[in-house]
Each structure stands twice: as structure tokens, then as C-alpha cells.
Amino acid sequence: QVQLVESGGGLVQAGGSLRLSCAASGRTFSSYAMGWFRQAPGKEREFVSSIGWRGSYKYYADSVKGRFTISRDNSKNTGYLRMNSLKPEDTAVYYCAAYYYSGSYYPAIETARYDYWGQGTQVTVSS
């Protein structure tokens, strides 16, 4: 079992920045791929970004590419999502998620692939 807890959300003006954190506990976090998803009111949960356990392979949704940066520090059992140039359409609850894998890493954008989820943190971007 892996427990995930997000933090760092809040209210920010358009063009501003936030850094989300995802603290993991339980099994060895370094054995898990990590992803970030978001869900706006009335919409389905959508993929934002993912990273393999080594941290060397990162994948982004087109809507955030060039503005968001995913990273992780396995020594701290923590993942991060740095969000720059925020837009009102980035407003959503942001969730981190994880799944165990072995061998080669292939980014997963489907929610069903992820076994563990945090409770979410609200990000609100005002115009």
C-alpha cells in the first residue's frame, strides 16, 4: 500500500505560479511511477503529467506542456508539480497518483492504470 497526500494548492492570479507536492508513505516510493491528474467541476478527471521512478522520463498533456514541470525526490518520498503561467482554465482539484511497475517505463494517461490516489488539492486561478 502507498498513501499519497497532496499539498500546495491555493488561489493565484492568472500568470502566477504554484508548486504542488505529493508526499508518499508506505511502500518504497521509488518503485512507483507517479502521475498528476486534475478534475474541474462538471468535468472528467484528466491527465496532466507523469514521471517514471527514475525521474528521467516525463510526459505532459498538451494543455500544460511548457508551463508545468513534474519532478520527484525519492530520498524524500515526494513528488512535485511546478505550475507556471497559470490560466483560469487550470482551475481544478489536482490529484497525485501512483502505480508499481517493473522493467521499461511507458507513460500512463488513463486513470485506471493508477492504483493509489491522494485526496486532492484545490487550485484556483483568477482572471
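What radius of gyration would a compact globule with 127 residues have, and what does the protein have? A compact globule would have a radius of gyration near 14 Å, and the protein has 14 Å, which agrees.

**Figure 1. Overview of the predicted model.**
The protein has eleven strands and zero helices. Along the sequence the pattern reads β-β-β-β-β-β-β-β-β-β-β. The C-alpha atoms fill a box of roughly 45 × 25 × 25 Å along the principal axes. Of the 127 residues, 43% count as buried. Take the contacts between residues at least 6 apart in sequence: 60% of them join residues at least 24 apart.

**Figure 2. Surface and charge of the protein.**
The protein exposes about 6,500 Å². Carbon and sulfur atoms supply 46% of that area. There are 14 positive and 9 negative charges. Their mean positions lie 7 Å apart.

G35 has a relative accessible area of 0%, so it counts as buried. Leaving out residues up to four places away in sequence, G35 touches S49, S50, Y95, C96, A97 and Y114. A108 is 73 residues from G35 along the chain, yet their C-alpha atoms are separated by 8.1 Å.

**Figure 3. Close-up of the salt bridge between E46 and R38.**
The whole structure holds four salt bridges. In this one, the side chains of E46 and R38 meet at 2.6 Å, N to O. The two partners differ in cover. R38 has a relative accessible area of 6%, under the 20% cut-off, so R38 is buried. E46 is at 35%, between the 20% and 50% cut-offs, so E46 is partly exposed.

**Figure 4. Close-up of the salt bridge between R67 and D90.**
The side chains meet at 2.7 Å, N to O. Salt bridges that share partners join R38, E46, R67 and D90 into one network.

**Figure 5. Close-up of the salt bridge between K65 and D62.**
The closest N and O atoms of K65 and D62 are 3.1 Å apart. K65 is partly exposed, with a relative accessible area of 49%. D62 is at 65%, over the 50% cut-off, so D62 counts as exposed.

Definitions and conventions. Residues numbered from 1 in each chain as written. Predicted model: local features only at pLDDT ≥ 70, side-chain atom pairs only at ≥ 80, totals over all residues. Heavy atoms only, no water. Helix = DSSP H or I, 4+ residues; strand = E, 2+ residues; numbered from the N terminus. Rg over C-alpha atoms; globule rule 2.2 N^0.38 Å. Buried < 20%, exposed > 50% of the residue type's maximum accessible area, 1.4 Å probe, protein only. Contact = heavy atoms within 4.5 Å. Areas by Shrake-Rupley, 256 points an atom, 1.4 Å probe, with all protein chains shown as cover. Lys, Arg positive; Asp, Glu negative; His and termini not counted. Charge placed at Lys NZ, Arg CZ, Asp CG, Glu CD.
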